[in-house]
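Please examine the sequence and the structure shown here before reading on. The report that follows is intended as a guide to inspecting the model.

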Amino acid sequence: MPELPEVETIKEDLRELVVGSKIERAEVLDPSLVEQPQAEEFARRLEGVRITGTRRRAKHLIVELDSGDSLVFQLKIGGQLLLVPPVEEPKTALMLILHLDADRRLFLRDETGFTRARLLDAEELEERLSPLGPEPLEEGFDAGYLQRKIGSRRAQIKPLLLDQKVVSGIGNIYADEILYDTRLHPRRKANTLSEEEWKALHAAIRSNLAAGVEHRGTTVRLYRDVLDRPGEHQNYLRVFEKHGRPCPGCEGEVVREKVGGRPSHFCPECQRENGPKSGGTLESLW
Ligand SMILES: [Zn+2]
């Protein structure tokens with residue numbers, strides 16, 4: 001599903017293309033989209049309001065309205081927001097159409113049907129966002145925070161990285177790439193990481209997400225920006241869905257195994273389950 005870089009890209013596109021536009025009418029084509037309030041009230045409260053801004057928090061895409069409400073999307077794996085024109089009108093898997101002024105329409109489509117939307121007032125929004133961990137590309141997120149937050153946990157490192165209460169915005173693609181960069185096995189227990197490994201993990205979180213934003217997201221299958229263009233970060237992936245292919249860092253082969261219920265891609269040579277081969281923490285502990 002869209003992770004921080006993809007949602008950030010869509011947010012920036014919307015900021016450029018639709019902020020200032022008025023929503024003349026909202027057409028809910030798939031009521032399962034709307035989590036809150038009821039679909040009818042959702043459509044009614046969107047009618048005649050102006051889009052004043054867009055922002056992102058974790059993987060939430062937030063469209064700010066002059067009514068004081070926020071339209072909050074959680075785009076799932078097939079979730080696409082497309083602006084017509086210039087994009088050609090999509091015909092399938094439609095969930096919502098926002099009819100804008102100047103004869104433009106914003107289409108939400110999702111062929112998996114898992115995308116969800118909410119229309120929240122300020123208090124409801126605050127409540128929704130408050131459990132989320134820090135934004136990894138902002139100040140205040142540092143290696144010390146990570147170590148304090150999860151450094152004593154016996155849990156596996158990959159599910160912790162995916163936990164939005166620990167850090168916001170990381171999903172399955174970037175988690176695998178981050179762990180590869182850090183040479184951490186996805187099943188490595190958090191409480192076995194050395195100070196250097198926490199620093200490396202923090203740096204890899206930042207560099208991978210920043211590169212993803214720079215490349216306008218990763219299109220493995222369905223992700224598109226608001227103008228229906230794929231991202232480019234898929235061209236920079238080292239391990240995600242590269243199982244059976246050579247590791248770019250050694251002679252070994254990238255494998256795919258489930259970790260914490262999620263398919264995980266890593267190099268068992270470079271990413272040892274019990275820690276680095278030599279010169280690392282475990283050896284110094286021995
Ligand atoms: Zn390797």
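## Basis of the model

The model is predicted, with local features requiring pLDDT of at least 70 and side-chain atom pairs counting only at pLDDT 80 or more, while totals for chains, interfaces and linings use all residues. Residues are numbered from 1 along each chain as its sequence is written, and side-chain values use heavy atoms, with hydrogens and water left out.

## The chain as a whole

Eight helices and eleven strands make up the secondary structure of the chain. The radius of gyration is 21 Å, close to the 19 Å that the globule rule gives for 286 residues, so the chain is as compact as a globular protein of that length. Helices (H or I, at least four residues) and strands (E, at least two) are DSSP runs, numbered from the N terminus. The radius of gyration is taken over C-alpha atoms, and the globule rule is 2.2 Å times the number of residues to the power 0.38. The C-alpha trace spans about 70 × 40 × 30 Å along its principal axes.

Of the 286 residues, 52% count as buried; buried means under 20% relative accessible area, exposed over 50%, and partly exposed in between (1.4 Å probe, protein chains only). Among contacts (heavy atoms within 4.5 Å) between residues at least 6 apart in sequence, 64% join residues at least 24 apart. The chain exposes about 13200 Å², of which carbon and sulfur atoms supply 45%; accessible areas come from the Shrake-Rupley method with a 1.4 Å probe, and for residues only the protein chains shown count as cover.

The mean positions of the 43 positive and 49 negative charges are 4 Å apart. Lys and Arg count as positive and Asp and Glu as negative, whereas His and the chain ends are not counted. The place of a charge is taken as NZ of Lys, CZ of Arg, CG of Asp or CD of Glu.

## Helix H1

Helix H1 comprises residues 4–17, 14 residues in total, and reaches 20 Å from its first C-alpha to its last. This is close to the 20 Å expected at 1.5 Å a residue, the expected span being 1.5 Å times one less than the number of residues.

Ten of the 14 residues of H1 are buried, so the helix is largely enclosed by the rest of the structure. The buried residues include Leu 4, Val 7, Ile 10 and Leu 14, together with the charged-type residues Glu 6, Glu 8, Lys 11 and Asp 13. The buried residues of H1 pack against strands S3 (51–57), S4 (60–65), S6 (79–84) and S8 (104–110), and against helices H6 (172–182) and H7 (195–214).

## Individual residues and their contacts

Thr 182 lies in helix H6 and counts as buried at 8% relative accessibility. Leaving aside neighbours within four places in sequence, Thr 182 is in contact with Glu 197, Ala 200, Leu 201 and Ala 204.

Phe 240 is placed in the loop between H7 and strand S10 (255–259) and is buried, with a relative accessibility of 8%. Beyond neighbours within four places in sequence, Phe 240 is in contact with Asn 172, Ile 173, Asp 176, Glu 177, Val 220 and His 265. Phe 240 and Val 255 are 15 residues apart in sequence, and their C-alpha atoms are 9.5 Å apart. Glu 273, in the loop between strand S11 (262–266) and helix H8 (281–285), is partly exposed at 39% relative accessible area. With neighbours within four places in sequence left aside, Glu 273 is in contact with His 185, Arg 187 and Arg 188. The C-alpha atoms of Glu 273 and Arg 187 are separated by 6.4 Å, although the two residues are 86 apart along the chain.

## Backbone features

Most residues other than glycine have a negative phi, and most peptide bonds are trans. The peptide bond from Val 84 to Pro 85 is cis, with omega near -25°, and a cis bond with omega of about 10° joins Pro 85 and Pro 86. Pro 85 is found in the loop between S6 and strand S7 (94–100), and Pro 86 is placed in the loop between S6 and S7.

Ala 102 has a positive phi, near 60°. Ala 102 lies in the loop between S7 and S8 and is exposed, with a relative accessible area of 67%. Glu 241 has a positive phi of about 55° although it is not a glycine; Glu 241 lies in the loop between H7 and S10 and is partly exposed at 24% relative accessible area.
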